[in-house]
Amino acid sequence: MREVGVTNRHRVLPYLLVAPTLVFVTAFTLLPLGESLVGSLFKHKLNIPRFQIPIYAGLGNYADLFKDPEFLQVVANTGIYVLALIPLLLVAALVLAFLLDGRIKGLAFFRLAVFHPTVLPLVSAATIWMFFLTPGYGLWNQLLHLFGYSGPQNWAGNPSLAIFALALVAFWKNVGFLMLFFLTGLQNLDHSLIEAARLDGAGGLRLVRGVILPLIRRQTLFVTTIAFIGAFQTVDHVFVLTQGGPSGTSTLPLYYLWQLRFERLDVGRGDAVTVLLILVLLAFTITNTLMSERHEN
Amino acid sequence: MRIRATPFFRFAVLLVVAALMLTPLLWALAASLRPPEIPFAQGSVFFASSFSLANYAKAFSLAPFARYYANTIMQVVAIIGAQVITASLAAYAFARYRFPGDRALFIIILLQMMIPTAALLVPNFSTIRFLKLYNTIPGIALPFFGSAFATFLLRQSFLSLPRDLADAAAIDGCRWDQELRNVYLATSRASVAAIVLSSLSYHWNDFLWPLVVTQSDTVRPLTAGLVRFTQMGEIGAQWGLLSAATMIVTLPLFIVFIVFQKQFVRGYISSGIK
Amino acid sequence: MKRLALLCAVLMIALGSGIAAAPVEVSLAYPVAVDAPITAMLKAWSQDYMAKNPDVKVTLIFSGGYPDVKTAIQTAIQGGAKPPTLAVMLATDVYDLVNAKFVDSLDDLVAQAPAGAAFVKDFLPAYMGNSYYKGKLWSVPFQRSAVVLYYNADLFAAAKLAPPKSWDELGKDAQALTVDGGKTRWGIEIPTENPYWTFQPLAIGAGKNVFSDDLTVNFNAPEVIDAVQFYLDLSQKYKATPPGVQASWGTSTQNFAAGKTAMIIHTTGSLAGILKTAKFKVGVMAVPGRKIGTLASVTGGGNLYLTAGHSLEERKAAFAFAQYLLDPARVAAFSQATGYIPHRSSATATAEFKAWMAQVPQAADAVAALASAQPELATQNLNGVKTIFNNYLQAAFNGTQSPTDAMNAAQNASNKTLADYR
């Protein structure tokens, strides 16, 4: 931090300069957070005359949520979604990073092929996959058929498969993005360390597991966090592919939030879900920060 | 290459991966060019007997894509412009001056990086409504005018300005805005580019927030406009039409990406650093 | 001096008429997929109306489906913007809309419109069931339908079968007409991705509708549970329909026309499309009930609502446009083009429509099915109750819960949710 001679003029200036950013961040991040916290303590439903004026309910909204099978199903859906998507994303992104690290013919083309879904809007990715997943002539089903799959074809319309259809789209869209971070990590590795290990006799998988993976632990942690947060933040594909169904088996938290507030007009409960969603994401971000700091020490 | 594997094997695997990853987009492209009279159940999608632009013509007649493009551009330009300005000012203050409470204020601003704005759509909707900005482009853009990420990045960049340059500028006696523009920002072009590109890709593709805070075609962006084509109702799926609409939204973006690949990648990498 | 006064007067009159000529805006939000044949018809009518009424500007807004229109209206009103003046939404959404004050009553407009009372009286009573709440009129029928059984009459004749008259016959007929375990042809397809509506005729046919009033649901009534069991029987016992939940609302009509299924349960709104694509004789009838000779159906479709927040001038213009759209001749033309059942007595009485019914006997059958129709599920917190009922129905259909358990759970959850409204 540079010390500058402070004159009268400059005593106020820094505050003025910071003010715009501060105002917007407060107005659209901090205050809303507070609003949600407070709002979640009230029962406020726009389509019930009795609750059109908010009535204080303490933690009632939260208690109702955790007793509500629909909310519990959303939690379950999220669990399945995250368990299916994140490990797959991490492994695939890492493997792709290995494959794309170094010199190879057509590298730019391959990188483009893997990375291009990231640039597209998720809405477009979902519409493309909507067609791709069509039972019968949809290429996805034809591909599966090639591998001898004989199960249900309508993934988006099947209660047990809908959530995986969503995970599939999210995977296709994000694997390139995550691979990029691993690639940067791999490219920044100290080659001498790896050469030393190889000379020592470590080869192939042992090299990867024993030497490289530990060296990119920070990247891995980081990529996991982004993947996790990303999984919660975007639900465009739910709107396009499944609308949360069938039977609510593919409702993700943010979509549930939207339904509560804008379809069912349950403002109080919407605020409660907002708070819970933010708490989960905050917990994850803080854990990541703590873990990476501990690792660096 | 760290893993010992024959180059050929690696190339083959990459080829398969590339084919798999590119197939959905290519398939949609093929579907969009298929003459509408030929049902999809008949024949192969990739090798149709003839090509037709009828789906595109129909898509254009059913939704004002030009308007959607204009709306998206306006909204994104507003956001990026505002972000660069507010972040430059704040980053300059944090990097150049020391003042009571500067640490606290910086942390307050950084909090935004930990709280995803997407989750705050309910209270932000109320705020926009309160400001009477519902169904306007400023209504879509306003919540993003302050960016903790941009501030953080620029502050980093400003702080790394070589000491002698900074001192020289200070001694020079020029006004703060001249100093900011000619010295600090001029040497932070990479950071600014990163901010621009990562904001661009996030907000160009933003769907839920514009959907919630607008209702008419005169202000809706491409993403919200595209979703109309997916609501199939009673007539069943019209894949050709839907694919054409998707291509209209996606292809230009795709082409821009191919041209500016390096810059996009750089932008994405720094966006993840938050 | 006099010439100056005259000039002033002329100027004022010219200015005055110029100012008064600013057109009143009437917008109509209509739930239809982006590209449906109906849009052309509606566009033509709105052009015609504007030509006849140059002081009115009509805008048509097409958006998705009924839920999309409703959500759009809600969000617009909450956002503080003006929603479209008129909106076609489900007749059954009335409680939610009125409670949340998103729609205005039509009573005062009916009172001041020419022949307003007669206009309202002309609607078929079967379709006015959800138009009144708290003693006021809130909507008028716009496109109304009913659930019917479509059957391939040629296949039935070839197999020497008569159209089914009871559940037993329905099951047996479907079984007889199933070929190759469904791979070549199913006996019947019943779309159940949004099951409450296609399921209601089965419940009604068992003897009890799934609800009694805006605060009472009968999900765990023995008749309703029996109806769930019958749906399961169709796939498990008769092996005549795909097992589990059938996500085939969009595809079942195509399958029926292509001969891949001998019967479907679908909306009369699909009639025109089916008649156009099917190359065999199409039969239409209400869904057979449990007992021989009984029939059951359920009404559906959308009503025209007037949204809240418009000036008296706008509302008057909107009501006039509504009267134009619902003119008997246009209602008849609309029905002929779509298969939606005409909801005005005067519409069915036109010579033109009678001639058409003679030409297209299926239309007459559809109208006849109306006689066995009971109201569609309509309660307070309709979204919540529908979601609960749909989820548990699908759980029963998929076998994750027994019919009794699922329906009991549905009843309990719904009661809890409705308790807030008592």
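Reader: How many residues does the contact take from chain A and from chain B?

Author: This is a predicted model, where local features need pLDDT of at least 70, side-chain atom pairs count only at pLDDT 80 or more, and totals for chains, interfaces and linings use all residues. Residues are numbered from 1 along each chain as its sequence is written, and chains are lettered from A and ligands numbered from 1 in the order in which they are written. As for the contact, 84 residues come from chain A and 81 residues from chain B. Two residues are in contact if their C-beta atoms, placed from the backbone, lie within 7 Å.

Reader: Which helix gives the largest share of the chain A side?

Author: Helix α1 (residues 8-39) of chain A, with 20 residues. Helices are DSSP runs (H or I, at least four residues), as are strands (E, at least two), numbered from the N terminus.

Reader: And what's that side like by class?

Author: The side of chain A that touches chain B has 60 nonpolar, 16 polar and eight charged residues. Here Ala, Val, Leu, Ile, Met, Phe, Trp, Tyr, Cys and Pro count as nonpolar, Asp, Glu, Lys and Arg as charged, and the others, Gly among them, as polar.

Reader: OK, chain C. How many of its residues are in contact with chain A?

Author: 18 residues of chain C, against 16 residues of chain A. On the chain C side, α18(C) gives the most, with seven residues. By class, that side of chain C has five nonpolar, ten polar and three charged residues.

Reader: What does the domain assignment give for chain C?

Author: Domain 1 (24-144 + 300-371) and domain 2 (146-299 + 374-419), with bounds from an automatic or database domain assignment. Their centres, taken over C-alpha atoms, are separated by 28 Å. The contact between them takes 20 residues from domain 1 of chain C and 25 residues from domain 2 of chain C.

Reader: Which helices supply at least two residues each on the domain 1 side?

Author: α4 (94-99), α14 (328-338) and α17 (361-369) of chain C. The largest share is from α17(C), four residues.

Reader: Let's stay with α14(C). Which of its residues are buried?

Author: V331(C), A332(C), F334(C), S335(C) and T338(C). They sit on the same side of α14(C), because they cover an arc of only 160° around the axis; the arc is that of the directions from the helix axis to the C-beta atoms. A residue is buried if 20 or more other C-beta atoms lie within 10 Å of its own, exposed if 12 or fewer, and partly exposed in between, with C-beta atoms placed from the backbone.

Reader: What follows α14(C)?

Author: G339(C), with a positive phi near 105°.

Reader: Which residues does L149(C) touch?

Author: Not counting residues up to four places away in sequence, L149(C) touches M263(C), I265(C), M285(C), A286(C) and V287(C). A286(C) is 137 residues apart from L149(C) along the chain, yet their C-alpha atoms are separated by 5.7 Å.

Reader: Last one: what's the mean pLDDT of chain B?

Author: 84, with 90% of the residues of chain B reaching 70 or more; pLDDT is the predictor's confidence in each residue, from 0 to 100. Chain A averages 85, but residues 1-8 of chain A stay under 50.
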